[in-house]
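Colleague: Hi! Could you walk me through this one while I have it open on my screen?

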Amino acid sequence: MASEAAVPAFLDYAIHASLVVAALLTLACSYRVIQGPTVPDRVVALDTIGTNVVAIGVLFALATGRGLFVLIGLVLAIVGFVSTVTVAKYVIEGDIIQ
Amino acid sequence: MNTLTAAVVTALLVVGSVFLTIGTLGLLRLPDVYNRMHATSKATTLGAASIFLAGFVYFGPSGEGLTSLVGIVFLFLTTPTGAHMISRSAQKMGVEFFGNADWPEDDD
């Protein structure tokens, strides 16, 4: 297991730069959630936010050396998929479970 | 952790960040919900899969690295499915194409 002290400096810099980039992209997606002309635009933007948050989870696992956050990213991916399918069915049919 | 592994992880992180940026710019800039879905469902999935692959290289082939591989398989299976369902619901809601494109004739 890679300990935190043995990580080279350029990898540490790359991980933190990727975290900043992913956080800014997640913030930028909220423009389409608020401003999007139709409901599917908002759903697509929320799906993109979910994928970005999965990437943030894995990057946090790399930054802190705690591998548990990879599993948290996977669970967030599952939740994002289920919510996308649920909203798609709700928009078409008006109810989800009948 | 040796320098070669760190270089591979750094390259995968750079590739993943670039793909995430391309996908989000496509979400913000393209004119149509179908075009935006095209941008996000391909580029953002590739970016997140590249970052998962960086996690696999970092944590090694057992434990959390194996979880990263499962995450890659899950993303590649579910993101096209979700995008297809959303585009189908957008068609049923009557969202029009940008420009003069049109749906093909329904056979059923």
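Colleague: How far apart are the end C-alpha atoms of residues 6-28 of chain B?

Modeller: They lie 33 Å apart in this predicted model. That span is 100% helix and 0% strand.

Colleague: And which spans of chain B does UniProt mark as "transmembrane region"?

Modeller: The UniProt entry, which is unreviewed, places that feature at residues 6-28, 40-59 and 65-83 of chain B. Residues 65-83 of chain B are also 100% helix and 0% strand, with 27 Å between the end C-alpha atoms.

Colleague: Which residues of chain A does UniProt list for "transmembrane region"?

Modeller: Residues 13-31, 43-62 and 68-92 of chain A, again from an unreviewed entry. The model makes residues 13-31 of chain A 100% helix and 0% strand, and their end C-alpha atoms are 28 Å apart. For residues 68-92 of chain A, the end-to-end C-alpha separation is 37 Å, and that span is 100% helix and 0% strand.

Colleague: Nice. Switching to packing: how many residues are in the largest nonpolar core?

Modeller: There are 29. The residues with the most contacts inside that core are Leu11(A), Leu59(A) and Leu62(A) from chain A, plus Leu13(B), Ile51(B), Phe52(B) and Tyr58(B) from chain B. At least two core residues come from each of these helices: helix 1 (9-35), helix 2 (39-64) and helix 3 (68-93) of chain A, and helix 1 (3-29), helix 2 (33-59) and helix 3 (64-93) of chain B.

Colleague: What does a second, separate core include?

Modeller: That second core has 14 residues, among them Val44(A), Leu27(B), Ile86(B) and Val95(B).

Colleague: Back to Leu11(A): what is it in contact with, leaving aside neighbours within four places in sequence?

Modeller: Leu11(A) meets Met1(B), Ala6(B), Val9(B), Thr10(B), Leu13(B) and Tyr58(B).

Colleague: Where does Thr10(B) lie, and is Thr10(B) buried or exposed?

Modeller: Thr10(B) is in helix 1 of chain B. It counts as buried because its relative accessibility is 14%, and the cut-off for buried is under 20%. Apart from neighbours within four places in sequence, Thr10(B) has contacts with Phe10(A), Leu11(A) and Ala14(A).

Colleague: What about Val7(A), where does that lie?

Modeller: Val7(A) sits in the segment before helix 1 of chain A. With 18% relative accessibility, Val7(A) counts as buried. Not counting residues up to four places away in sequence, Val7(A) touches Asp12(A), Met1(B) and Tyr58(B). Its C-alpha atom is 18 Å from that of Leu68(A), a residue 61 places away along the chain.

Colleague: What lines the largest cavity?

Modeller: Its lining has 13 residues, and Val44(A), Asp47(A), Thr40(B), Ser41(B) and Thr79(B) lie nearest the centre. By class, the lining has four nonpolar, eight polar and one charged residues. Helix 2 of chain B gives the largest share, five residues. Helix 2 of chain A, and helix 2 and helix 3 of chain B, each supply at least two lining residues.

Colleague: And how much space lies in the largest pocket?

Modeller: About 270 Å³. The largest pocket is lined by 16 residues, and Asp47(A), Gly80(A), Phe81(A), Ser83(A) and Thr84(A) are the closest to its centre. The pocket lining has seven nonpolar, eight polar and one charged residues.

Colleague: Two last residues. Why does Ala43(B) count as buried?

Modeller: Ala43(B) counts as buried because its relative accessibility is 11%. Ala43(B) is in helix 2 of chain B, and touches Phe19(B), Ile22(B) and Gly23(B), not counting residues up to four places away in sequence.

Colleague: Great, thanks!

Notes:
Residues numbered from 1 in each chain as written. Chains lettered and ligands numbered in written order. Predicted model: local features only at pLDDT ≥ 70, side-chain atom pairs only at ≥ 80, totals over all residues. Heavy atoms only, no water. UniProt positions renumbered as here; feature names shortened; annotations may be inferred. Helix = DSSP H or I, 4+ residues; strand = E, 2+ residues; numbered from the N terminus. Core = buried A, V, L, I, M, F, W, Y, C linked by side-chain atoms within 4.5 Å. Buried < 20%, exposed > 50% of the residue type's maximum accessible area, 1.4 Å probe, protein only. Contact = heavy atoms within 4.5 Å. 1 Å grid on protein atoms, 1.4 Å probe; cavity = no way out; pocket = protein on both sides within 12 Å on 5 of 7 lines; lining within 4 Å. Nonpolar A, V, L, I, M, F, W, Y, C, P; charged D, E, K, R; others polar. Points joined across faces, edges and corners; volume = space filled by probe spheres on them.
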